[in-house]
Amino acid sequence: MSKKQEYSNDSISSLKGADRVRKKPSVIFGSDSLEGCQHAVFEILSNSIDEAREGFGKAICISYDKDSCIEVEDFGRGCPVDWNEREQRYNWELVFCELYAGGKYHNAADENYEFSLGLNGLGACATQYSSEFMDVTVNRDGTEYKLRFEKGNVVGELVKKPTVSKKTGSIIRWKPDREVFTEIDIPHEYFKDILKRQAVVNPGITFKLNYQGEKSEYFYQNGIRDYIDEIVNESAKDDTEGKRFLTHPVVWEAERKGRDQSNRPEYKVKMRISFCFSQTASHMEHYHNSSFLEHGGSPLLAAKSAFVSSIDAYLKNNNKYNKGEQKVTWPDICDCLVLVSSNFSTQTSYENQTKKSISNKFIQEAMTDLLRSRLEVFFIENKADADAIAVQVMVNKRSREQAEKTRLGLKKKLTGGTDLSNRVEHFQDCRSKDMSIREIYIVEGVSAMGACIQARNSEFQAIIPVRGKILNCLKAEYDKIFKNDIIMDLIKVLGCGVEVKSKHAKDLASFDFSLLRWNKVIICTDADVDGFQIRTLILSVLYALTPTLIEKGCVYIAESPLFELSYKDETAFAYSDTEKEAILEKWGRPKGATVARSKGLGENEPKMMSLTTMNPETRRLIQVIPEDAQKTADVFDLLLGDNLQGRKDLIALRGSEFIDIAATS
């Protein structure tokens, strides 16, 4: 029996010590990439924030060196590292070498921290385990303590020496290990973002950053209230004060006690919410125990429920709705709402160690109740503000509904109906409904359809002709493009809509790749100058309106032969001069061989069209794949865009190469 087949009692093993983190960092940090490395920084920072928020120290200093070393210094009480009589171990072992050990497991009993950001007893230990080295310096009780760790192991012993300084606090310096994280070069933006957020939700605490010599500070005296002003003012720098705020910011605070379930312990939640309504800004952030909740969770659900129900009630009670009109939704409200919440609780249910969302049922209920009750009073006491909110929300609602109506109408127009044969002139569909085999041939003119229709396999091959002049989609305005019948018919037949990336036509973008009706989109034109131009213009339509079809390799060019060669009963087709010469060489260059320039698609025999252009067994298809996106864009701009001088230069440089082709066409 092979080792792979053996599965016995000896097959089970466990990770021990530092390997629990070093080999599985994503379990603790959410990722083994840069994101996980950054979260390790937040774990250490969290402990310093908890100290400062409890009133021990008013500043936290963070530095990041060019060698990717990080240092966090606080001026709190200093992390206990000496002997722990109760645990019969040194505290430094518990804090830095033991997962699920710390001083924040009894917050409800007000033991050390009433509200803490770090509470799982994982952060300091996990960060130490994942570091190339970590140096710890602690000042407390008139003593300076020093420790050093390397790759999860303590180096030497705890070093203690008396000090006359009254300074207290902890300094932790470490370098993330590249053996653990795939990337450790943390960008400046991360530190600026995280420290600003912590300053916002920890009023009165100064965060000092030294990033490779570049220094900055973050401080908000009034916390989220000052932050609301900043958000609105930044959104409308050139507006007057009256245009920035529909309502001036308010701050609501409350404390509640409750439990998530009847069999769970009671805990305390302290809520602080600041918001305003604005014509120029829309913004929402939620924090819990000063951790930014990127995905929201309970606070976001509470805000949605409270604002929608309260504003809907006000609109109904004040006859703001038209008869039969649908009620407002959350997007209508948050489009003009600026809200920041910062809650703290003695018990927290984070979705995971990365703390990006919480799921506490009681916190959601408490925040919902607070917002509903305060909003009801606010609307009564501030009638002018309530009416301004109602007007703006209804404008948002009706604009959204009109935009959706326009979008759906255009989508229907672009994607067409099920019976495209009746909707698109000259379009010839195929019988199969299997999208994995269906092909659409875009052919040059109605005249080319005859031979193509007779040569095709009608089971899976469809035909649509390009009639008349095709717009250059790289130069034409969108209003002209979407009025062009040729382009509109082509988009209908494709079925996937368009992806117009322009602020001037954002309501037109209704692209859905899953709605594409074809496995292959094949451009089929004559092998002459006019045919090449039409082919390029069709490609420009797809490149401008449905670039994903090119990116995913759905677009092909049917290569048409340049020459038809005959000798006795044998006929061959050549797609280049080289191939022509090779065929003649193969035949021994007989005097009776004839070489004729291939005819246009409309003049070819169905048998010849099938053999050279449509039969999957014998045809030649060129797949259009933009291997170099920028080069593709440059070529399109050169040939069809606004680069007039570039075209002149190209003609002057290489025009002579194509004179013969143009003459024979």
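Helices (H or I, at least four residues) and strands (E, at least two) are DSSP runs, numbered from the N terminus. The structure is a predicted model, in which local features need pLDDT of at least 70 and side-chain atom pairs count only at pLDDT 80 or more, while totals for chains, interfaces and linings use all residues. Residues are numbered from 1 along each chain as its sequence is written, and side-chain values use heavy atoms, with hydrogens and water left out.

Val 200 belongs to helix H6 (residues 188-201). This residue is buried, with a relative accessible area of 1% (buried means under 20%, with a 1.4 Å probe and protein chains only). Beyond its neighbours within four places in sequence, Val 200 is in contact (heavy atoms within 4.5 Å) with Tyr 220, Gly 223, Ile 224 and Tyr 227.

Ile 224 and Tyr 227 are also among the buried residues of H7, together with Ile 228, Ile 231 and Val 232. Seen down the axis of H7, the buried residues fall within an arc of 130 degrees (taken from the directions from the helix axis to the C-beta atoms), so they line one face of the helix.

Three strands form an open antiparallel sheet in the order E24-E23-E25. Strands E24 (570-574) and E25 (594-597) are the edges, each pairing on one side only (two strands pair if DSSP finds at least two bridges between them). Strand E23 (residues 563-567) pairs with E24 over 5 bridges in the antiparallel sense, and Glu 564 stands opposite Phe 573 in E24. Helix H19 (residues 577-586) packs on the sheet and touches E23, E24 and E25.

Methods:
Buried means under 20% relative accessible area, exposed over 50%, partly exposed in between (1.4 Å probe, protein chains only). Axes are lines fitted to C-alpha atoms, for helices over the stretch in contact, and angles run from 0 to 180 degrees between N-to-C directions.
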